[in-house]
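This report is an introduction for a reader who has not seen the structure before. Please look at the model first and then read the sections below in order.

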Amino acid sequence: VLEVNQIRRYLCGGGYQETVDKKQADLVVVSTCAVTQGYEDEAVTAINDVTGKKKSTAKVVVSGCLSKINPAVLKALGEHVAVAPLEIDKFETIAPSSNSIRKFVPNSVMLNEYQQSKAFMAAIRLKSVFRILKRLTGIPGPNWLSQIPMVDWFFVRGAHGCMGKCSYCAIKRARGSIRSYKLDDIVRQIEGAVAAGYKTISFAGDDMGCWGADLGLDLADLFKEIATVKGEFCLDIRFVEPHWLLKLQDKLWPFFESGLVASFNAPIQSGSQRILKLMRRDYSVEDVVATTNDVIKRTEVKSIGSILMAGFPGEEVDDYMKTYDLLKRSKIDLWQIFQYEGRPGTPSEKMENKVDSRVKAQRRDRLEAKVKLAKYGKLPEIVSEFIVHRRFGPIV
Ligand code: SF4
């Protein structure tokens, strides 16, 4: 979404007029994501829709990661120009302007973009209600709501790519190794945003944990510089891979204690060390749980989010139980649950022992139900487990 805004600003800044009427447009930009099969299906539907409705002379540009993650699918969809995530400069040839596209920084999300996600909109409405309640009664809402992005958040893209080699990940194919935005450029953006009244600065990066590795710096160096910016604001960071959280924790701690960092997302993915090894993710589950619990208990960080994946190839009931058990042991309060999908060209796609799709879906649904009841509904363990067990029966 951030890159869509960068493209929009570049085109509008160059005198191009925006229209939502596909029949009128001379140039149609379809932004895609293909990290999951569901997102890829949505992208294919959008491209087909545009192709069916556009003027015969109109050019179709497909931006985003579909062209890198599943080029075969894209090729079958007819004539278009592909602009992969690291090729955004191509717009200067497709739609020339006196400006450089790099002049336009991706840093905000419009309401209509949030409106495309029902889950986001539901959370945003809930957050708005709690904001009003807090103003009237002083009672704060649940901490996890603080991680829900709002239209009054200022987004900064801190980096592209990562240093991971996770066996299931399609992002790496699309975005490659870490490419950090420069410290001065980031700080300048934050100074401007804080001066304009933004109170939450949210960092977007495939893995902000390794920010700066290509510049001889680390995330603590970035925080140190940001802490010098005058004004009242806090940071939300997504994502910080657990490997980097553990490696840098001593250096990051002062910024957790000072309240500069209000929230972050550390995707744990699995509670089973055996599965993490198959995923090629390099950290100890016990250490991540202990550290994140400590951060919540002892620092000013309000909320930590995480991601869990159900049904990775070879996941046995025992592995799944370890993931399920994380919800009880961890103070992380915002969880996103996915089921494993073999994405094109990833090493895990070639693994044997794939989990049956019905079992994968049930494991995901069970985790989701448990999160809603135990974390968001705050029901006691015995009650939430009773309800989940009645609905899903024994774990499969
Ligand atoms: S660290 Fe994140 S973005 Fe990088 S390969 Fe692993 S899952 Fe993908």
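## A buried asparagine

Asn 265 is buried, with a relative accessible area of 4%; buried means under 20% relative accessible area, exposed over 50% and partly exposed in between, with a 1.4 Å probe and protein chains only. Asn 265 belongs to strand S9. Helices (H or I, at least four residues) and strands (E, at least two) are DSSP runs, numbered from the N terminus. From C-alpha to C-alpha, Asn 265 and Ile 186 are 20 Å apart in space, and they are 79 residues apart in sequence.

The model is predicted: local features need pLDDT of at least 70, side-chain atom pairs count only at pLDDT 80 or more, and totals for chains, interfaces and linings use all residues. Residues are numbered from 1 along each chain as its sequence is written, and side-chain values use heavy atoms, with hydrogens and water left out.

Four of the five residues of S8 are buried, so S8 is largely enclosed by the rest of the structure. Five bridges pair S8 in the parallel sense with strand S7 (residues 200-204); two strands pair if DSSP finds at least two bridges between them. Ser 202 has Asp 236 in S8 as its bridge partner. Between S7 and S8 the chain passes through helix H10 (residues 219-226), and this β-α-β crossover is right-handed. Right-handed means that, with the strands pointing away from the viewer, the path from the first strand over the helix to the second runs clockwise.

S8 also runs parallel to S9, joined to it by four bridges. Here Asp 236 has Ser 263 in S9 as its bridge partner. Helix H11 (residues 242-257) forms a right-handed β-α-β unit with S8 and S9.

## The largest cavity

How many cavities of 30 Å³ or more are there? The count comes to one, and the largest cavity has a volume of about 30 Å³. The search uses a 1 Å grid over the protein atoms alone: a cavity is a set of points where a 1.4 Å probe fits but cannot get out, a pocket is an open set with protein on both sides within 12 Å along at least five of seven lines, and lining residues have an atom within 4 Å of a point. Grid points are joined across faces, edges and corners, and a volume is the space filled by probe spheres set on the points.

The lining of the largest cavity consists of Leu 219, Phe 223, Ile 237, Val 240, Leu 245, Leu 252, Phe 256, Val 261 and Phe 264. H10, H11 and S9 are the elements that give two or more residues to this lining. H11 provides the largest share, three residues. By class, the lining has nine nonpolar, no polar and no charged residues. In this scheme Ala, Val, Leu, Ile, Met, Phe, Trp, Tyr, Cys and Pro count as nonpolar, Asp, Glu, Lys and Arg as charged, and the others, Gly among them, as polar.

## The second largest pocket

The second largest pocket holds about 720 Å³ of space. Its lining has 23 residues, and Lys 127, Arg 131, Lys 134, Ser 146 and Lys 302 lie nearest its centre. Helix H7 (118-137), strand S8 (234-238) and strand S9 (261-265) are the elements that give two or more residues to this lining. The largest share, five residues, comes from H7. The lining of the second largest pocket divides into eight nonpolar, six polar and nine charged residues.

## Other β-α-β units

Strand S2 (residues 59-64) is largely enclosed by the rest of the structure, because five of its six residues are buried. S2 runs parallel to strand S1 (residues 27-32), with six bridges between them, and Leu 27 stands opposite Lys 59 in S2. With helix H2 (residues 37-53), S1 and S2 make a right-handed β-α-β unit. S2 also pairs in the parallel sense with strand S3 (residues 81-83), over three bridges. Val 61 has Val 81 in S3 as its bridge partner.

Strand S10 (residues 303-310) pairs in the parallel sense with strand S11 (residues 334-339) over six bridges. Leu 308 stands opposite Ile 337 in S11. Helix H14 (residues 317-329) makes a right-handed β-α-β unit with S10 and S11.
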